Every structure is written in C-alpha cells, then in structure tokens.
Amino acid sequence: MAEMTGAKAVWECLKAEGVKHVFGIPGGAIISTYDALYGETEITHILTRHEQAAAHAADGYARASGRPGVCMTTSGPGATNLVTGILNAYMDSSPVIAISGQVSTTAIGTDAFQEADMLSLMLPITKHNFIVHRIEELPEVFRMAFAIATTGRPGPVHIDLPKDVQLSKAELEIPAKVEYRKPLKLDPTPSEVTRAVELLVHARQPVIYAGGGVIWSGASPELIELAELLQAPVTTSLLGKGAIPEDHPLALGMLGMHGRMVANLAVTECDLLFAVGVRFSDRATGDVHHFAPRAKVVHIDIDAAEIGKNVRVDHAIVADAKRALRAIIEALKQHLRKGRTSEWLERVNSLRRNLAPRMDYDDVPIKPQRAIKEIMEVAGPDAIITTEVGQCQMWAAHFYRVRRPRHFISSGGLGTMGFGFPAAIGAKVACPDHPVIDIAGDGSFLMNSQELATAVENDIPVVVCIFNNSYLGMVKQWQDLFFGKRRSQTYLGKTPDFAKLAQAYGAWGDRASKPSEIGPKLREAMESGKPAVLDIVVDPDEHVLPMVPAGGRLDEPILT
Amino acid sequence: MKNRIFSILCQNAPGVMMRITRVFTRRQINIDSITVGIEPSGLARIILMFKADDKHTELLRHILLKLEPIEAVEVIEPEDSVVREVALIKTNPLPPDQHWRIVEQIERAGGKIIDSREGAIIAEISGEHDQIERLLRSLGPEVLREVARSGQVYISREF
C-alpha cells in the first residue's frame, strides 16, 4: 500500500501490465494524468495529431506485437474521436485499452464543458467498458480491463476516468494479478475431437479456412502441421493472411469478394470446409446459400456466439484454435492413411496454374499489380504490411504474399479509411526492427496524413506507398461496374503533391511514375531512415479483379 | 414466432440493463415484458420475454453470455414453470349500479379491491397473463382509466 493520486495509479497499473508505449493526446480532463507522466521513464508516450490515429496506432501495435495497445485522450471530443478506432479494433478482435478523461463526477450529467456520455457511446463497440467512480476502484478496474481485453476472443476495453478521481489521493495497492471471472472453454472435448477427426479422415476434397483467430492464438505452426498432415489446401480470410506462408505449396491465398479464384473455386468444390478462427464475414462467403455447397462444415472458434451465426455448421468446436488443432493433429496421427487427397490436390493445383494472377505488367501509368510485385520484392519477408481501405487494400490482399503471422495488418470488419498509416506507426513502435510499409490509396492516406508529424517528431520510420489514382478507387470501381460508369463524387483531382507534402513535414518523399522506378525508390525510402512517402502513380481505370459482387456466388466472379 | 423467456442473472449495477436491451434493439427484436428483482446473493434476476426463432434465440443467449456483468442466461420453457403477473387497475368514477357490477366482476376474476372513492375503484389482480388479459378486455376502455402491470415473472418448477 502506498498513498498516491489516481493519476499516478494509472501509470502504476500500466507498468504492472508491462505497458511500454501509450499513444494519445492530452487535454483538460486528463491533464493531471499527463502531469503524473512527466518524468516517467518506463513508459514512452507517443503524441499523435488526432485521437483517431492514437486508437489506430494502439490497434496496429496490438496486431503486430500480440500485446495490448494503449491509447489515451481527454474527455468530450478527444474521447469521441476514439470511436471509429475503437469500433475498428472491436470488429477485428484487437486488444486495445482506451483511456479517456471525463469531467468530474459531480459535473457528469450537467452538460459540462467537454462532457460526452462515453459510457453509452463506447458500450456497443467495446468488449466491455468502465467508468471509475472512486479512486479505490481504479487499480482493480485497470487490471480487469487488461484481463478482459486479452482473455478469450480479444477486444477493446474503454475506461472513462473522471477528473476528480485522477486528482484524489488514497492508500492504494496495485493488485499483482486479477482473476478473469467468466468461465472460458479453451480445450475441445474428446468427443468433439473424435468427430472432427472422423470428418477429416473421410474427406476426399478438404479445404482448411483459417482466420484471425489462428493468428491470435499463435496456432500457425499447428495450422501448417495439420495442412501438411492432411495434404489439404489452405485459404484464409483477410485477417488470416500470414497464418500460413502464402508461398507454401498448400496455400491458396485469400477467400472471398476479392479473393484468389483458386481459393473461391476450391471452397465451392470442397467436400469438407474446416474453418478455424473465422467468422464467415459476408465479404468472404458471398451468397451463403451457395457457399461451400457440397461441403460439411467444421467450425472451430473460441467465441460460441460465432457458431452458426452466418453459415450452417455441421460440427462446431468452441475452443482455443491452438489447443483444438493440437488435439486434432494428435488424434489424426493415429488414423490417417496417406494419399487420400492426391486427386484433389491435382485438381486444385491445375486450377492454380490456370488462374495464376498476372503481375508483370510494364505499362505506364503503372498497373497496381506490378506495384505490389515491386514492393514485395524490395520489402522482404520481414516487412510488416499495413493497408488503407479500398482498392489499394484489395490489391495488397489479393496479390501480396504474406510470409508470417502478424505481418499483414488491415481494417477488415469496419473497412476504415485512414487506418493503415497510424496502424503502421503503431506496428513500427511495437516492432522497430521490422520494415513497416503502409500500402495506401491517395483517398485513404489523406484521412490521417497529419500523422506524418507524429512519425517525424517521434522518429518512427515507416514507409507509405500511395497507389495514387486520383480517385476514391473502390467506390469508382463499383460506379463503373454497377452504376453505369457514373463517377459521382469520386474524382479527387491531382492535389496534393504527396512527395512535397511529405517533405514539408520533414519526411522523405518522392514519386514513381514508371514501374522500373518503384524498386529503387522504395529501397531509397527504406534506407533513408526517415518516415517516407512514395507516391506511385497508378492507372486510374484499373479495377480489382476478379470480383464477386456483393451477395454473389464465389464461383461466379466478374473477370473483366 | 414463438414466445421466448430468458431468466438472466447479472450484476446489480447501473448500465447493465442498457447492455442487455441493446442486444435486442440492434436486432430489431421487441422486448414484450421485462422485470427485475434482487436475489438474496445481491445479484439481479431479470426476466425478459420476447419473440424470436430458434436461431436468434440461441444467438442472443450466446451474445448475452459474453457480457461481463452477466453470470447466467437460462432459457425458461413456460410449460415447466410457474408464471405470474400483477396488474393494478384504476377505473373511471362509475354510477352506483355499474360500480357494484364491476366490483363483482373483478372479484369473480380473482381480483381484490384495494381502494374506492367517489365511485372509482383501485383493484389488483395477480395470475397468469391470459387471466389478466381477459379481465382487462371484459372491463374495456370505458371503465378503465389506468392500468399498471408488473410484467411476467417466472420460476422454474424444478427443485
């Protein structure tokens, strides 16, 4: 026990959780907590230029490192600016701890200056949220927030911290550990394993479908072992990219609206879909009535509420992905005869050969496919790729071969433009030894480009590759395909000059207009040691293809 | 769609009701009846009635179970439980002959007269939902001035 202010206790709690970095912006209602940070040496605070970016940076930090990311803001507008970022983390199951100041407990409900009802606003978009009414509750709330964010299916937790609670003093003890209260089923039951093995052994045309749950549970080695043991091809969701190296002979690439054709056809033809840590997003399944129409579906997920939510499931296992896969692998080793899937693999490999996406265009303006190829070659397997949202994101998702888990960070569920750059900053802070590259569009980048100041001031050398087509590209693509080419309000024009914009902030900036310029200039950007923006001028008329229209069948894509 | 009943055991704290009801609101499911009581343990028991198909009922149960303040969600089958509701009734002032007819009607339905002034009556009736519905229908809007209803409470017949 020691006497301390609530403000001091905040940092003591964060240190007890092993937090090393906090992203945020101070303000009136959180000023005393920032005062208690002054002179603190164990925690580095990264001052962002907008609170939304603080939330995305914390999210990117969490996804890259596997540890919770923390962001902090003042009350009112500071806290409401977190909303998009926190919902983004919630949709993609990312453990973010968001702390915001609140007006004094005596002023709550009086429409005080910079008061916002954050308890209500955060309630539907967090795994749980708290308001600390008394300083005595503070240590328990903070420790519980981390336990909730990281236990079971991860997710964001918000803590609302009134000004008087920060200022008051009490004898406090920071608990060493709090017990997570809610029951959690982590292990599969023996009968669940037996049934799964039975289905796997009888399958002639299995496909494994892996998602973000595999990455969060650290189950990539088990996923690869199971795939190799079964000789079953593996597709992933957007958030599952990297769960299996995408240059692995059994990897098919991403599934869905902008997925690889081979993945979409394999799922349509398979007789067993073995889904792990996925939520069957509409962007992945297309028309659920024609999704894996011939297959029995096995679904492993830690969240019981996901079972049967979007697609019918023949066998469900509510468990941690890593533990379930380990148990199934051990049981399978007793059972399996070899070579059952060889015909199926031949079929899948012939599809793959015939449908290999083309990337080696020499055109000017640059084809985005070629730009991805150039980035992939220069970046190497260590690079963490983040993306903005839209065409740039789907080109990256479709063409970029991710080699490791936690090396592809993208806004999946919410599709938040402006996510990629601050997420890259968070990822770079978490993993300073890895190159971090944001594959951006000109539209998305401008939604949080002010964070160039954050990156330069804090010396966070991330590289932004802007696929500059002067359009809100994905909306334009839908207008071209589904709205008679009526490009309503999607043309962005030629401003700004992104290279000069970067230079104005003190960052490295240049433009690539020909395919041959991308590689050398990207290398220069990465070697500059500075935050960098490479403005790649791409073909404004290029679409992301193939594309399964929303609600369409995976085997009926638009090809041209 | 079938009537469904959840018996939810949860922490007795501000905001818990909002966490629960928004799960229904978001899916455009109307809550037909909701009652709260405090258990001897200090936890709150919420009895909640709504209409939904099997799939949604199961999904709602799992989503509710994920909420931090919720300890348990029990699906109650009306046929395996005791169901009661209380209604308090206030009538308009009634002429003497009608007054006595209404008093008799309420008492015959199992109700009890609580108070009466200048021809108006306050009465209570407790029982099953349909029993109360029948009485209220038979009295009709001409007679009834105000009705306060508790919502339905359930307890399982299992010991």
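A pocket is an open set of grid points with protein on both sides within 12 Å along at least five of seven lines, and its lining residues have an atom within 4 Å of a point. The structure treated here is a predicted model.

**Exercise 1.** Describe the second largest pocket by its volume and its lining.

*Solution.* Begin with the space itself, which comes to about 1200 Å³ in the second largest pocket. Next, take the lining of 44 residues, of which Arg153(A), Asp303(A), Ala305(A), Ile63(B) and Lys66(B) are the closest to the centre. Finally, turn to the secondary structure: at least two lining residues each come from helix 5 (83–91) of chain A and from helix 1 (16–26), helix 2 (54–66) and strand 4 (70–76) of chain B, and helix 2 of chain B gives the most, with five residues.

**Exercise 2.** Determine what the salt bridge between Arg181(A) and Glu71(B) joins, and how exposed each partner is.

*Solution.* The closest N and O atoms of Arg181(A) and Glu71(B) are 2.6 Å apart, which is within the 4 Å cut-off for a salt bridge. Arg181(A) lies in the loop between strand 8 (169–172) and helix 9 (190–202) of chain A, whereas Glu71(B) belongs to strand 4 of chain B, so the pair joins two chains. Arg181(A), with a relative accessible area of 38%, is partly exposed, and Glu71(B), at 36%, is also partly exposed.

**Exercise 3.** Classify the partners in the salt bridge of Asp362(A) and Arg370(A) as buried or exposed.

*Solution.* The side chains of Asp362(A) and Arg370(A) meet at 2.7 Å, N to O. Asp362(A) has a relative accessible area of 60% and is therefore exposed, while Arg370(A), at 12%, counts as buried.

Note on methods: Residues are numbered from 1 along each chain as its sequence is written. Chains are lettered from A and ligands numbered from 1 in the order in which they are written. This is a predicted model: local features need pLDDT of at least 70, side-chain atom pairs count only at pLDDT 80 or more; totals for chains, interfaces and linings use all residues. Side-chain values use heavy atoms; hydrogens and water are left out. On a 1 Å grid over the protein atoms alone, a cavity is a set of points where a 1.4 Å probe fits but cannot get out, and a pocket is an open set with protein on both sides within 12 Å along at least five of seven lines; lining residues have an atom within 4 Å of a point. Grid points are joined across faces, edges and corners, and a volume is the space filled by probe spheres set on the points. Helices (H or I, at least four residues) and strands (E, at least two) are DSSP runs, numbered from the N terminus. Buried means under 20% relative accessible area, exposed over 50%, partly exposed in between (1.4 Å probe, protein chains only).
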